[in-house]
Amino acid sequence: MNWSRAKTILIALLLAVDVFLLVVYISRDNGVRKDEMALRADVCSILSAQGIDVDETLVPLDSVGIRPAVLQRKTDMKKAAVSFFGNVTEEKSGESTTYSGEGGSVMFSNDVFSLVYESGKDIDDEDSAKALAKDVAGSFAVTDGMRDYTCRSDEGGYSIGISQMFSGVPVFDCGIEVRISASGSVIASGKFIGKGVRIPTDGKVMKTSALLLSFADGAVKEALCPLKVSSVTLGYISKTPAAGRVSMSPTLCVTTDKGVFYVDMQSGKFVSA
């Protein structure tokens, strides 16, 4: 037997099978995508008939989804304070804890913080202001990342809004606001989630098309229509922490000309931001 020829034939057969399977996979994927796009268009037409104007290209397809997750809080509040001020004094008042040191103080209360800090840095432009703001926010934000979403400047300095990300997905109600003067004075506040690890949890989420219908139903009941939608985003909302944990609930965020609204991706419940 010509083993070299047999090997060549076997390799050719395996390649043919791989190509066939790839074609089947692509065809099936394209078919599913076309069905999702058609369903999305139908849902947007239903919303339009109810007075909700939304461009269907803004809406994530049903196959794009996120799961529930839990973040374990690990950041040491005192350690975060020491990173700014060196030696600190601690003062407790009810549920609040304040750490004070040379150059300012930081107060933690439940899951929020407020910081006053003299950085000693000269802030010459927006880029240097953003760099300092991210350094400050990094002591309180989720490990997986942050992004700046607003930056306003005036004669007094810069106001920078930073959105916290969790595994690359935005956490809607956990922004950090940082005000920075030209002399490097910092005033910051926001949600204190802390640094931790992502722990996937079991749980099914509703498809985007069904969530949009829930949004439309809620908007009609609240007499909000007509509405113009500017963005539809999948993300998380943090739930009230318990025993050192912050629960991340998957949520559809709909931004409109009359405000921001959320739809819980597990229950379909419609709420205002």
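Visitor: Which residue in S4 is the bridge partner of glutamate 91?

Guide: In this predicted model, the partner of glutamate 91 is threonine 98 in S4.

Visitor: How many residues lie between S3 and S4, and what is the phi of glycine 94 in the turn?

Guide: The two strands form a hairpin with 2 residues between them, and glycine 94, which sits in the turn, has a positive phi of about 65°.

Visitor: Turning to helix H3, what is its reach from first C-alpha to last?

Guide: H3 (residues 126-138) has 13 residues and spans 18 Å between those two atoms, close to the 18 Å expected at 1.5 Å a residue. At its N-terminal end the cap is aspartate 125, with a side-chain oxygen 3.3 Å from the backbone nitrogen of aspartate 127.

Visitor: Which residues of H3 are buried?

Guide: An α-helix has 3.6 residues a turn, so residues three or four places apart point the same way. In H3 the buried residues are Ala129, Leu132, Ala133, Val136, Ala137 and Gly138.

Visitor: How many helices and strands are there in the protein, and what percentage of its residues is buried?

Guide: The protein has 4 helices and 16 strands, and of its 273 residues 40% are buried. Among contacts with a separation of 6 or more, 59% are between residues 24 or more positions apart. As for the surface, the protein exposes about 15000 Å², of which 55% is supplied by carbon and sulfur atoms.

Key:
Residues numbered from 1 in each chain as written. Predicted model: local features only at pLDDT ≥ 70, side-chain atom pairs only at ≥ 80, totals over all residues. Heavy atoms only, no water. Pairing = 2+ DSSP bridges. Expected span 1.5 Å × (residues − 1). Buried < 20%, exposed > 50% of the residue type's maximum accessible area, 1.4 Å probe, protein only. Polar contact = N/O pair within 3.5 Å; in protein donor to acceptor, adjacent residues only side chain to side chain. Contact = heavy atoms within 4.5 Å. Areas by Shrake-Rupley, 256 points an atom, 1.4 Å probe, with all protein chains shown as cover.
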